[in-house]
Amino acid sequence: MDDLALLIDLHRGGARQGPGSPEATRLALTLSGLAGRSGLRIADIGCGTGASTRVLARDLDAHVTAVDFCAEFLADLDAAAAREGLGGRITTLCAPMEPLPFAPGSLDAIWSEGAIYNMGFATGVAAWRPLLRPGGILAVSDLSWLGAQRPDALTRYWEAQYPEVATPSAKTAVLEAAGYRILGWFALPPDCWLGHFYDPLRARFADFLARHAGSAEAAALVAAEEAEIALYERHSAHLSYGFHIAARTED
Ligand code: SAM
C-alpha cells in the first residue's frame, strides 16, 4: 500500500477526519443565519466521511453536494446517509476541490471543515467566492494561532505542515480583502480535537498496525500521528481551528 492508501485506511474508520464536532457545526450554522431558509443549495468541500454534511442535511431545508477526492470516504458517507434517511438530501461528488464544478452564483453556502488548507486559505476563499450567490455564506474552519506568543517548537512544526497558519485577525483580513463580510468567528474547543478526533484516532492505531504488520510506512504514519497528538496536548492553549463564517459581498 502506498502512503495515501495507508492514510485513507487509517482515517476511514473515523466519524471525522479532522477536528470538529456536531456542536461546532451547529454553532457555525447559527452564526450563518441559514436556518429557516428553504431550498438551500450547499456544497461541503473536503467533506471526508461527512460529519458536517449530515448535520447540514439534517438541520436545514437543503440539498448538500459533498465533495471529496477520496472515493472510500464518500462511500462511507453514502452508507451513513442512507442509514439515517438522508440519502435524498445529499449527493456525493468524487472530485478535486480545485477547480470545483459548480456554476457561478449557484450556491447559497459553501461549507468546509478542516480541508481548505489543501488549497491554502487565501487561494481557496478567492476561488470559491464566484460560486456563491451575492450574500451567500462561506463557513470554513482552518488552523489558527490563538495569540501572538507561542513556543518555538509549535511554530516550527505547524509552519512546516501549513505555511498559512496565522492568527484569526490575519485570516479575517484575508476574507475581507477577498470580498466577504464577516458574520462571526470562534475557535474550536479542545474537545473538538481530543474527544471527537484524536482519541478515536488513537483507539484505531492497534488494529491499523495489526492490519499492516511489518509495514515500516504504517509504523511511521502512526508515530507521526502520535507526535502530533502529543504536541497538541502540550500546547492546546496556543492553537486551534478557527471557524470563520462570512457572506459574499455584492459586486
Ligand atoms: N471535513 C472533514 C472532517 O472535518 O471530518 C474532513 C477533513 S480532512 C482533514 C480533509 C479532507 O479533504 C479529506 O477528506 C481529504 O480526502 C480531502 N481532500 C484533501 N485534498 C483534497 C483535494 N485536493 N480535493 C478534494 N478533497 C481533498
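## Aromatic close-ups

**View 1. Y162 and its ring partner, Y117.** Y162 counts as buried, because its relative accessibility is 5%, below the 20% cut-off. Keep in mind that this is a predicted model. Search the whole structure and you get 9 aromatic pairs. In the one shown here, the ring centres of Y117 and Y162 sit 6.0 Å apart with their planes at 70°, so we call the pair edge-to-face. Y117 comes from the loop between β4 (107-113) and α5 (121-128), while Y162 comes from the loop between α6 (152-161) and α7 (168-177), so the contact ties together parts that are 45 residues apart in sequence. As for Y117, its relative accessibility is 38%, which makes it partly exposed.

**View 2. Y157 with W158.** Here's another edge-to-face pair: the planes of Y157 and W158 are at 90°, and the distance is 4.9 Å centre to centre. W158 is buried, with a relative accessible area of 11%. Y157, at 23% relative accessibility, counts as partly exposed.

**View 3. A cluster of aromatic residues.**

**View 4. R150 over W145.** Now for a charge over a ring. R150 lies over the face of W145, and the distance to the ring centre is 4.0 Å.

Methods. Residues are numbered from 1 along each chain as its sequence is written. This is a predicted model: local features need pLDDT of at least 70, side-chain atom pairs count only at pLDDT 80 or more; totals for chains, interfaces and linings use all residues. Side-chain values use heavy atoms; hydrogens and water are left out. Rings of Phe, Tyr and Trp (its six-membered ring) pair if their centres lie within 6.5 Å; planes under 30 degrees apart count as stacked, over 60 as edge-to-face and the rest as tilted. Helices (H or I, at least four residues) and strands (E, at least two) are DSSP runs, numbered from the N terminus. Buried means under 20% relative accessible area, exposed over 50%, partly exposed in between (1.4 Å probe, protein chains only). A charge sits over a ring if NZ of Lys or CZ of Arg is within 6 Å of the ring centre and within 35 degrees of the ring normal.
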